[in-house]
Amino acid sequence: MSLDDAIGAFAAQVGPNGPVTITGLGTRGGPVVGVRTVRAPSGIEWIQPAEMTIRCGAGTPVADVDAALAEHGQCVVIADFGTIGGALAVGHSDVRRLSWGPVRDTVLQLRYVSAAGEVVKAGGPTVKNVSGFDLCRLMVGSRGTLGFLADVILRTRPRPTHEQWYSSRRDPWALLGELYRPTSVLWDGTTSWVLLDGHPDDLRGQAAGSELVAVDTPPDLPPHRWSVAPSTLTELRDEPAGTFVAEIGVGIVHRSRPAPPAEPDPETVELHRRIRDEFDPAGRLNPGLDVLAVT
Amino acid sequence: MTVDAVARSHVAAPHGTTPLVARLRSVLRPDQVRDGVSEVNLYRHDASNLVGHASVVCFAESTDDVRAIVLVANEFGVPFVARGSGTGLAGGAVPMGGAIVVSTAKMNRILSVDPVNRVAWVEPGVLNLDLSKQIAHLGVHFAPDPSSQQTCSIGGNVANNSGGPHCLADGVTSAHIHAVEAVLPDGSVTVLGGEEPEPAGYDLRGVFVGSEGMFGVATKVCVKLMANPPGVATMLLDFADVADGAQLVSDIIADGIVPAAVEMMDQLCLRAVEAFIHAGLPVEQAAALLIEVVGLPAAVAAQVERIGELAGRRNVGGVRVAADDAERALLWKGRKSAFGAIARIKPNYYLHDTVVPRHKLPEVLEQVYEIAARHELLVLNVFHAGDGNLHPLLVYDAREPGVVERVHAAGDEIVRVSVAAGGVLSGEHGIGLEKRDLMPLMFSEIDLAAQADLRRAFDPRCLSNPDKVLPSPAGCGDIHSIPEGAWV
């Protein structure tokens with residue numbers, strides 16, 4: 001079955017009525033419990049290396065996309081677990097965000113199945129496009145409450161030929177200031193870890209200049225993500241070292257306990273209500289899921 | 001009642017003040033509200049050829065001012081349109097239906113700069129290049145660099161999701177906006193997005209950027225700043241055949257190199273620019289590529305060498321690498337003064353903006369030349385080749401009978417061949433009025449209905465910059481008016 005046929009079949013499964021939820025590999029929370037469950041089409045439709053684009057079903061495992069792109073010396077900026085659709089629906093970026101940017105900037109075009117059971121296209125296939133409203137960014141992070149992702153065209157990037165993690169006891173903000181475009185700067189209150197990619201001579205030069213020591217792996221990340229303004233990360237100096245790993249310059253703090261619920265202002269709550277009412281008036285897609293409440 | 005009909009009752013009168021103007025003067029300082037016919041007429045258009053109709057112009061100085069204006073607009077049921085510098089090329093800021101023009105030009109303060117975390121808060125009227133100049137001493141810059149960057153505003157960049165030559169590697173405006181404080185179309189004020197990387201809920205920041213003023217008015221913008229690169233190499237490569245230059249662009253990307261910028265100029269453009277700035281451009285060649293690579297020294301040197309090798313396989317003529325900052329500035333001056341230089345050829349021009357897949361550049365460029373020739377028009381091409389973003393420039397003399405119609409017909413064909421080649425309607429100018437009625441080339445009725453749903457969620461009364469982007473009235477009860485100068 002072609003991807004387009006599979007999308008048609010997927011839309012028919014979602015249908016126009018009744019509560020329905022979606023799952024991929026269940027690595028990012030899984031479906032709403034007790035509701036009819038559907039799965040998005042999977043499979044890579046094409047890779048265009050000179051365009052730096054890939055088209056695949058939303059149900060395609062990130063690992064499959066990564067392996068296929070590796071053959072062309074490319075990759076996507078999506079953490080390598082679960083499915084592409086799951087990663088986009090949740091919208092969390094990986095630890096390379098400091099230099100590689102957020103997941104939301106990866107999507108060029110997507111199709112989703114709407115609450116009416118119709119296939120809707122958003123965005124366009126080219127690497128640059130400002131034609132119409134940006135429904136792609138609306139869908140990324142919307143956790144399947146506005147539509148179920150069917151297929152996507154993603155922007156790829158060159159896979160680094162040389163990449164190295166380093167550690168240091170130096171202040172992470174000093175490293176952030178003196179290194180040129182580090183891929184990641186992590187800090188646990190005592191130790192800093194830095195990921196660099198690029199030309200090997202430049203890596204050596206940067207590492208020597210900043211007294212970095214090569215290490216095999218980055219630290220293990222505690223399971224919960226806290227999202228804070230990067231300027232407030234200095235407050236972590238008052239917390240016991242080793243209880244967190246912070247993404248310096250980004251504002252994600254990985255902790256062992258969940259983040260407190262967000263406290264959105266009434267205007268934001270109202271906008272969310274109106275958007276969901278427009279896209280899913282019956283509240284049938286992932287029923288009961290409140291995107292403002294999940295962390 | 002349609003938006004037009006409502007607005008007609010509030011048209012600025014030469015004698016006496018309308019109730020709308022009187023109300024606006026009661027909520028702002030009187031001198032912030034201008035309704036003189038000649039002054040209001042200055043705001044009927046942007047940098048496109050499209051002309052609309054405003055009833056009054058308000059110069060906001062704060063979020064509170066914008067909110068007050070929007071509340072009055074709601075009270076009177078009159079549309080409003082935010083306006084930065086008016087440099088848009090698609091009619092996005094052209095007031096329709098006697099709208100209130102909300103100028104943010106006086107909201108031009110840089111509010112805060114955090115050079116460590118590379119974040120700044122600015123007001124929407126701050127000019128793009130002014131921002132980068134003011135923070136240059138901190139070793140950072142704002143990456144989007146539209147050709148109009150000396151005069152365009154950050155608020156306008158947000159509305160249009162603007163691009164520029166250096167957006168190839170670093171992304172267009174949306175990738176550089178953390179948050180927007182906005183006055184929503186009902187007058188409520190909120191912050192969309194945030195300095196934090198993953199705010200709860202939908203990416204309303206991402207939705208607002210590029211919404212062409214139809215989701216409210218940005219009153220503060222939190223921008224991402226980028227570290228200035230330690231090394232830069234600027235190369236000029238010339239070709240006897242346009243197709244070779246265009247093919248090289250794909251070769252470079254496929255090889256794993258994403259330069260900071262890859263710009264192409266064709267012969268007519270090279271000649272016009274050379275006559276203007278005398279930079280020693282290769283005027284005998286069919287086309288030239290201006291390529292810039294940035295970064296650490298070993299990477300820059302390796303990329304320059306590799307690009308030279310790849311160019312050799314595409315029959316490159318000359319390869320000129322700028323020896324110093326002065327030569328680099330001269331080469332960029334050549335690229336950025338193209339629009340000024342063409343005034344030497346003909347008094348008028350129409351600048352187009354479409355994107356095609358990079359590998360289709362040779363084929364679509366050929367079609368562009370053919371279309372121009374068939375309509376007996378001169379066309380210059382100067383564009384962002386790295387991301388396939390074409391900017392055919394049709395030059396003409398509007399005094400010549402029938403020429404404007406030919407320019408419009410050729411423009412329509414250029415857009416159609418771009419979309420047919422797998423491309424899109426606009427890469428950075430936006431849809432506005434100019435391409436509103438071409439949206440069905442890219443989107444089905446179902447696709448467009450979803451965009452209209454989003455618009456309605458933000459602006460149920462459709463008062464914020466109505467008549468733009470969406471080809472059908474989006475359930476707002478307004479009937480599209482056709483502006484003067486429209487070609488679609």
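Trainee: In which sense do β8(B) and strand β10 of chain B pair?
Mentor: This is a predicted model. Strand β10 covers residues 217–224 of chain B, and 6 bridges link this strand to β8(B). One bridge partner of the pair is Val223(B), which belongs to β10(B) and faces Ile177(B). The sense of the pairing is antiparallel.

Trainee: Which residue in β9(B) stands opposite Val180(B)?
Mentor: Strand β9 spans residues 189–193 of chain B and runs antiparallel to β8(B), with 5 bridges between them. The residue of β9(B) opposite Val180(B) is Leu192(B).

Trainee: Which residue takes a positive phi in the hairpin of β8(B) and β9(B)?
Mentor: The hairpin has 5 residues between the strands. The phi in question is near 95°, and the residue is Gly187(B).

Trainee: Why is strand β8 of chain B described as largely enclosed by the rest of the structure?
Mentor: A residue is buried when its relative accessible area is under 20%. Strand β8 covers residues 177–183, and the strand is largely enclosed because the buried residues number 7 of the 7.

Trainee: At roughly what angle do the axes of α9(B) and α14(B) cross?
Mentor: Two packed helices are described by the angle and the distance between their axes. Helix α9 (residues 242–254) and helix α14 (residues 361–374) of chain B have axes that come within 8 Å. Their crossing is right-handed. The angle is roughly 145°.

Trainee: How many nonpolar residues has the contact of α9(B) with α14(B)?
Mentor: Val242(B), Ala243(B), Ala246(B) and Gln247(B) in α9(B) meet Leu361(B), Pro362(B), Leu365(B) and Tyr369(B) in α14(B). By class, this contact has no charged residues and 1 polar residue, and the nonpolar residues number 7.

How values were computed: Residues numbered from 1 in each chain as written. Chains lettered and ligands numbered in written order. Predicted model: local features only at pLDDT ≥ 70, side-chain atom pairs only at ≥ 80, totals over all residues. Heavy atoms only, no water. Buried < 20%, exposed > 50% of the residue type's maximum accessible area, 1.4 Å probe, protein only. Helix = DSSP H or I, 4+ residues; strand = E, 2+ residues; numbered from the N terminus. Pairing = 2+ DSSP bridges. Axes fitted to C-alpha atoms, helices over the stretch in contact; angles between N-to-C directions. Left-handed = near helix turned anticlockwise from the far one by under 90°. Contact = heavy atoms within 4.5 Å. Nonpolar A, V, L, I, M, F, W, Y, C, P; charged D, E, K, R; others polar.
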